[in-house]
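Q: Hey, could you walk me through this protein model? I'd like to start with what's in the middle.

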Amino acid sequence: MNWLTNFIRPKIRSIVGAKDVPENLWQKCPSCEGMLFHRDLNENLNVCSHCGYHMKMGVMERLRHLFDNGEFTRHKVPDVPVDPLRFKDKKKYTDRLKDAQHKTAEKDAIIVAEGKIGGNPVVIAAFNFEFMGGSMGAAVGEGIVRGAEIAVQHHAAFLAIPASGGARMQEGMISLIQLPRSIIAVQMVKDAGLPYFVLLTDPTTGGVSASFAMLGDVHLAEPGCMIGFAGKRVIEETIREQLPEGFQTAEYCRDHGVVDIVCPRKDLPQTLGNLLSLLMQRSLATGGDRDAGRRQNNLESSNSLKHLKNNVTALPTAGKRAAKSLKNLVPANGDLDGDHRTARVVKMVSLMEQDPEWKTVRNIETDTGRDTKKSKSLQISNSPTALPAVLPKPSPKKRYAAKG
Ligand SMILES: [Zn+2]
């Protein structure tokens, strides 16, 4: 039938006149099977207008949606050795890479961008699922490290947006090394006292969910997105049990404490902006006047907290985590002036504690015997002047003790 398609069709086209008609004007919703017009779908951020199903969203589109006024600067991800293992399955890895690069016009599966969300400086490392299923190889790991470095240098928050099938098989051990590398990178951000958020999108699986994606100060997720390590079928076959309905969805993960907030796509910029304003130091803008910064912070945190409590149902988990991370944040000598962020979190938790709703959360935290001790040190640290009752004695055996 080649002559029909190759000869007759072009002839007819030349007579009728070729028109630029997009191939798929209508798309079927995978959830409710409703028909969606491409323009409406675009306007609705790839969310089904019938049932609210969140389809995948292009990475550039997502960045434009999240950043204030859609403005951001892209940062180059450093080059990495290409195919050091000379891997070949049905196809050469280098060929697979070339195909993906041609298809997406990107070098690898990660994009590092910097801009503002709700007026707060943010660096985003976003996965491109179109590029080999967003798999994490050396280049992606490099992207996370680069993003974290820029966040620390520019005193910005760091937001990771995974959309990934996990580690990149074709890079073997090298892709697995990216797990600890990315963890160290995000720890760097935390050590600098900057917020690290994760926005979990469909799907977040494998090595990505086994590393940096589960270590955020706050975990946000899009409704219905798949979050897990191994797939449902694999687990069912291994443990020979039926898994519950909705297993590995964002909502299931929220109910079981993995995710803090399940947020519809359209509300993400606002929610992220509020959370960042709550945790970030605005004191930078006040030209180094620490007290002015703190006054502003306290005011904002109380306002933001009220807003969050009215709008977000799932925050107790975030509160729980904030209380936990507080234990690590407060310096041993109780010096709150030393760290703006510490003061901020102390304020946030004290606000929570005044509220009966949060009290239940705190009780769960302190009910277990192991945690009681920690909560005592928490109380001591809450007062700026008091020192902990027992200071750890310096051990002469330790090498660093001799150096002072
Ligand atoms: Zn639908």
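Q: So which residues have the most contacts inside the largest nonpolar core?
A: They are A157, F158 and L200, in a core of 66 residues. A nonpolar core here is a set of buried Ala, Val, Leu, Ile, Met, Phe, Trp, Tyr and Cys residues joined through C-beta atoms within 7 Å. Buried means 20 or more other C-beta atoms within 10 Å of the residue's own, with C-beta atoms placed from the backbone.

Q: Is this an experimental or a predicted model?
A: It's a predicted model: local features need pLDDT of at least 70, side-chain atom pairs count only at pLDDT 80 or more, and totals for chains, interfaces and linings use all residues. Residues are numbered from 1 along each chain as its sequence is written.

Q: How do helix 5 and helix 6 cross?
A: The axes of helix 5 (residues 138-153) and helix 6 (residues 172-191) come within 9 Å and cross at roughly 10°. Axes are lines fitted to C-alpha atoms, for helices over the stretch in contact, and angles run from 0 to 180 degrees between N-to-C directions. Helix 5 and helix 6 are therefore roughly parallel, a label for angles under 35 degrees.

Q: Which residues make that contact?
A: Among them are I144 and A148 of helix 5, and R181 and A185 of helix 6.

Q: New topic: how many strands are in the open sheet?
A: Seven, in the order 3-4-5-6-7-8-9, with mixed pairing. Two strands pair if DSSP finds at least two bridges between them. At the edges sit strand 3 (72-75) and strand 9 (261-262), each pairing on one side only.

Q: How many bridges join strand 4 to strand 5?
A: Eight, and strand 4 (residues 110-117) and strand 5 (residues 120-127) run antiparallel. For instance, G115 has V122 in strand 5 as its bridge partner.

Q: Last one: how many residues of helix 8 are buried?
A: Zero of its eight residues (232-239), so to speak hardly covered.

Conventions: Helix = DSSP H or I, 4+ residues; strand = E, 2+ residues; numbered from the N terminus. Parallel < 35°, antiparallel > 145°, perpendicular 65-115°, else oblique. Contact = placed C-beta atoms within 7 Å. Buried ≥ 20, exposed ≤ 12 C-beta atoms within 10 Å, placed from the backbone.
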